[in-house]
Amino acid sequence: MGMMDPFREAALLLKRSRYTTAFTGAGISVESGIPPFRGEGGLWSKYDPKTLDLQYFLEDPTGSWRVIKEIFYDFFDTAKPNKAHQVLARMEQEGMLGCTITQNIDYLHQEAGSRVVYEFHGNTKSLRCLHCNRAYKPGQMSLDHFPPTCRECGGVLKPDFVFFGESIPQIPLGAAYEAASLSDVFLIIGTTGEVMPANQIPVMAKQYGAKIIEVNPEPSNYTLHITDIFLQGKATEVMEKLEGQLFSAALDNDENGVD
Ligand code: NAD
């Protein structure tokens, strides 16, 4: 295997896998025009991360909302899924991908057609009243006055994504543990692996014996520690190439032991 083209090697692993999980981070959406938090052009070079702290939000919802709107509501609606999201959706349709666990809150996996998506950090598509728990769609509310408030009780509305200092919702958390325990292959795309506790999921999968395939233009915290096959490059380019291998007839020969 060692001398094999890594794309071919990855494709073979994926074809033989009984259960594969995709684990994605901000990097998969960069080519859809959504900047990541860290690194070059990252949001943290422009904004203060503390505005996404739960405590900060509770103390100064207006200040927090100003930033939240700019980061998440002004341009998320215009972002479209890219080739990498599409390849994952196709893999799922063709029975090659069991689920996608995403740290992203942009809804682009679902828009690309993926159906089994676990949003580890929630999403931006609903706003919830901190007082009575009533949910609203962002489109129903004016985001011109901060903070938006509940029509029923006047409570402050908070986006339904996970702030720093908040716990992970039960359903995606349970699903992620289960996926980590039963996957033969974990396909990590575009994440630094710095955000706790999400970053532990691929490590758990590795401990349970999964092979780790990683896609990233830069090495991450995972690359030297748990990654078995590193496909270095932008998500769209790498996933397009991988798709070519996955759905090519030549691979079937390898699978039948020609190699
Ligand atoms: P991150 O911002 O910490 O890191 C982004 C990673 O993407 C880096 O490793 C970088 O090398 C890689 N990357 C950059 N361009 C890429 C490309 N074209 N293709 C593939 N990879 C590329 O992101 P993170 O680790 O996901 O953690 C940040 C947290 O911020 C997450 O919890 C996520 O929820 C949230 N976030 C979400 C969005 C979104 O929903 N699109 C955007 C920003 C941040």
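Why is strand S7 largely enclosed by the rest of the structure? I found that five of the five residues of S7 (residues 185-189) are buried, so the strand is largely enclosed; buried means under 20% relative accessible area with a 1.4 Å probe, protein chains only, and strands are DSSP runs (E) of at least two residues, helices (H or I) of at least four, numbered from the N terminus.

I note that this is a predicted model, in which local features need pLDDT of at least 70 and side-chain atom pairs count only at pLDDT 80 or more, while totals for chains, interfaces and linings use all residues. Residues are numbered from 1 along each chain as its sequence is written, and side-chain values use heavy atoms, with hydrogens and water left out.

I then checked the directions: Val-185, Leu-187 and Ile-189 point one way from S7, Phe-186 and Ile-188 point the other way, and all are buried. In a regular strand the side chains alternate between the two faces of the sheet.

Next I looked up the partners of S7, where pairing requires at least two DSSP bridges between two strands. Strand S1 (residues 20-24) pairs with S7 in the parallel sense over five bridges, and Phe-23 stands opposite Ile-188. S7 also pairs in the parallel sense with strand S8 (residues 211-216), over five bridges, and Ile-212 in S8 is the bridge partner of Phe-186. From S7 the chain crosses through helix H7 (residues 200-207) to S8 in a right-handed β-α-β crossover, that is, with the strands pointing away from the viewer, the path from the first strand over the helix to the second runs clockwise.

How values were computed:
Buried < 20%, exposed > 50% of the residue type's maximum accessible area, 1.4 Å probe, protein only.
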